[in-house]
Amino acid sequence: MEEPLLLQHRDERGVVTLTLNRPHAFNALSEAMLAALGEAIDALADDEAVRAVVLGASGKAFCAGHDLKEMRAEPSLEYYQRLFAQCTTVMLAIQRLPVPVIARVHGLATAAGCQLVAMCDLAVASRDARFAVSGINVGLFCATPGVALSRNLPRKAAFEMLVTGEFVSAEEARVLGLVNKVAAPEALDEAVAELVARVVAKPRVAVAMGKALFYRQIEAGIEAAYEDAGATMACNMMDPCALEGVAAFIDKRAPRWPG
């Protein structure tokens, strides 16, 4: 029997690790892979026991983007529209998940694979990781990856990647803002675990409210963003976790998070 396209593991803290599992195809996002990833994320969205999600990959690469062989098998406008709509649905589901999603990146992350990293809330990369939106090299501007890339990188840096198709190193990706941390290959899991531990130490409700607000306000004008942020903070302040956190700060003690 073939192994599943997506492996899933949950630890006792509620940290779920999703592992893309098409190593022979550099974890290319086939229709089946997108379906598996989308179904997993949708299921996690309704699971209040989940505290964080780590998205990694098996084999030598993180993700090489869309499966070009599969794409060429059915060259019709309707098929391509359906495929990219499916991919967009998965990417937006990652952003809408109420818990942080952390990309664990090694090897190549190209085209829609680079988009996948950009859509995750946080990212830790191995020093040997490389990133590119290289569709332009085969005559295809990486338009949908460009949506995510332009919301992570400065405009000119994002556009340069999109029109040259050239790779950037892990350290360059960190400087540009595509990833948060870079670690030696042998220390990648440790670096991911350290970041996860810092996230799950915080109250889930506050993180969930904050993540939703973070992305809403990015897309809004500044006045609307401040209005939304103020309303969100007021609601957050009435939550038992925030009330306990403020009390603990005043009392100079460690918080005892409810629940």
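Buried area is the accessible area, taken with a 1.4 Å probe, that two parts lose on being put together, summed over both. The model to which this is applied here is a predicted one.

The protein chain is divided into domain 1, residues 6-200, and domain 2, residues 204-251. Their C-alpha centres lie 27 Å apart. Between them the two domains bury about 860 Å², and carbon and sulfur atoms account for 46% of that area. On the side of domain 1, Gln95, Pro98 and Arg151 supply 47% of the area buried against domain 2, more than any other three residues.

Counted by contacts, the interface involves 13 residues of domain 1 and six residues of domain 2. Two salt bridges are found across the interface of domain 1 and domain 2. Elsewhere in the list of charged pairs, Asp121 forms a salt bridge with Lys211; the closest N and O atoms of Asp121 and Lys211 are 2.6 Å apart.

A search of the whole structure finds one cavity of 30 Å³ or more. The largest cavity holds about 40 Å³ of space. Helix H1 (31-45) and strand S3 (52-57) are the elements that give two or more residues to its lining. The residues lining the largest cavity are Leu18, Leu37, Ile41, Val53, Leu55, Ile94 and Val101. By class, this lining consists of seven nonpolar residues, with no polar and no charged ones.

Terms used: Residues numbered from 1 in each chain as written. Predicted model: local features only at pLDDT ≥ 70, side-chain atom pairs only at ≥ 80, totals over all residues. Heavy atoms only, no water. 1 Å grid on protein atoms, 1.4 Å probe; cavity = no way out; pocket = protein on both sides within 12 Å on 5 of 7 lines; lining within 4 Å. Points joined across faces, edges and corners; volume = space filled by probe spheres on them. Helix = DSSP H or I, 4+ residues; strand = E, 2+ residues; numbered from the N terminus. Nonpolar A, V, L, I, M, F, W, Y, C, P; charged D, E, K, R; others polar. Domains from an automatic or database assignment. Contact = heavy atoms within 4.5 Å. Salt bridge = Lys/Arg side-chain N within 4 Å of Asp/Glu carboxyl O.
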